[in-house]
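Take a first walk through this structure. Keep the sequence beside you as you read.

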Amino acid sequence: MKAEKKYLIVGVGNLLYGDDALGPLLAESLAECGANSINAETDAFTSASYIEGARSVIFLDVFDPSYGPEGEVVRVRIDPRKLSREELSLLISRETGAHDVTPAHIVALAYASGTFNGEAWVIGPVVKETMFGQPPSNIVINSIEKILGVLEETLHEKLDKDCVRKKFSEKIEELKKKLF
């Protein structure tokens, strides 16, 4: 087993689908500003190995409208210890394509394999939709401040918010240039 890490932030999503770019862009920005953070945009199935040994893992992702009003920042805890062996088995054994893998699948797989036994969270804004070929909306861009606050509260430590805001803005602009 790898050495225990205090926390790991994992950005999930897809840069080509508008608001779904939040996770990867914010994770990269956090990493560039000193946080233990990775972009797992195109590597969902091996994300379980990334969280090995972490005491706490936080996934950055977007939520669909069933979680609340558009723009609201949501924090959901994932606790596979509350699942029965049958429920856990169903979660990790069903046929799942790369686009269907959720943070819950990743945590359940790592938990079932014995490589993760910590706390897991998903943090992100509620978005209306994710459109192919579009940049992130103002809803996502304007949610960064609140997401950073929820991250600090969850991690119990300060982040270099000024650095993260600057890097995230730069990444949004770079993505807009690539898409248009």
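What follows goes from a strand to a ring, and then to a pair of helices.

This is a predicted model: local features need pLDDT of at least 70, side-chain atom pairs count only at pLDDT 80 or more, and totals for chains, interfaces and linings use all residues. Residues are numbered from 1 along each chain as its sequence is written, and side-chain values use heavy atoms, with hydrogens and water left out.

Start at Ser 56. It lies in strand S3, residues 56-60 (strands are DSSP runs of E, at least two residues, and helices runs of H or I, at least four, numbered from the N terminus). Ser 56 counts as buried because its relative accessibility is 9% (buried is under 20% relative accessible area, exposed over 50%, partly exposed in between, with a 1.4 Å probe and protein chains only). Beyond its neighbours within four places in sequence, Ser 56 has contacts that include Lys 6, Glu 119 and Trp 121 (contact means heavy atoms within 4.5 Å).

Now look at Trp 121. The charged end of Arg 75 sits over its ring, 5.0 Å from the centre (this needs NZ of Lys or CZ of Arg within 6 Å of the ring centre and within 35 degrees of the ring normal).

Next come two helices. H5 spans residues 138-155 and H6 residues 161-179. In H5, Val 140, Ile 144 and Leu 148 are among the residues that meet H6. Phe 168 and Ile 172 are among those on the H6 side.

His 156 is in the loop between H5 and H6. Its phi is near 60°, a positive value in a residue other than glycine. His 156 is exposed, with a relative accessible area of 70%.

Key. Axes fitted to C-alpha atoms, helices over the stretch in contact; angles between N-to-C directions.
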